[in-house]
Amino acid sequence: MNYKKPLDLIQEKPYLFWYVKDKESLSDEAIVEAILNRGDFDDFLKLIDLMGIKRVAEIFYKQTSLKRTNYSKKTENYFRLFFERHLKHV
């Protein structure tokens with residue numbers, strides 16, 4: 001499938017957003033959170049292709065800087081390490 005925007009990814013992976021009636025209204029922040037929490041690595045790579053690694057990392061860091069997040073400690077740690085390593089090369 002040819003993706004042009006993050007919402008295109010949702011059309012292929014509706015089970016990532018089973019709890020949302022109006023998937024067209026999802027924000028980039030909601031899409032990033034769902035894919036990092038429940039998607040597989042291919043979903044993550046597609047998201048990076050669509051939004052860029054800097055934008056995804058920016059959203060992730062903003063979300064994890066809040067007092068309460070929806071990321072498990074394991075997921076948060078993994079993506080912190082991933083972004084720290086890969087943003088050096090961008």
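Predicted model: local features only at pLDDT ≥ 70, side-chain atom pairs only at ≥ 80, totals over all residues.
Hi everyone, this is a short talk about the aromatic pairs in one structure, with a look at helix H5.

The protein chain has an average pLDDT of 89, and 94% of the residues reach at least 70. Among the elements of the chain, helix H4, residues 53–64, has the highest mean pLDDT at 97, while helix H1, residues 6–12, has the lowest at 77.

Now to the aromatics. Searching the whole structure gives 15 aromatic pairs. Let me pick out Tyr78 and Phe82: their ring centres are 6.4 Å apart and the planes meet at 25°, so this pair is stacked. Both residues belong to helix H5, which covers residues 73–86, and they sit four residues apart, about one turn of the helix.

Tyr78, at 42% relative accessibility, counts as partly exposed.

Staying with Phe82, there is a second pair to show you, this one with Phe83. Here the ring centres are 5.7 Å apart and the planes are at 85°, so the arrangement is edge-to-face. Phe82 and Phe83 are both buried.

Let's zoom out to finish. Ring pairs join Tyr78, Phe82 and Phe83 into a cluster that also includes Phe41, Phe44, Phe60, Tyr61, Tyr71 and Phe79. If you have the model open, do colour those residues and have a look around.

Key:
Residues numbered from 1 in each chain as written. Heavy atoms only, no water. Phe/Tyr/Trp six-rings, centres within 6.5 Å; stacked < 30°, edge-to-face > 60°. Helix = DSSP H or I, 4+ residues; strand = E, 2+ residues; numbered from the N terminus. Buried < 20%, exposed > 50% of the residue type's maximum accessible area, 1.4 Å probe, protein only. pLDDT = per-residue confidence, 0-100.
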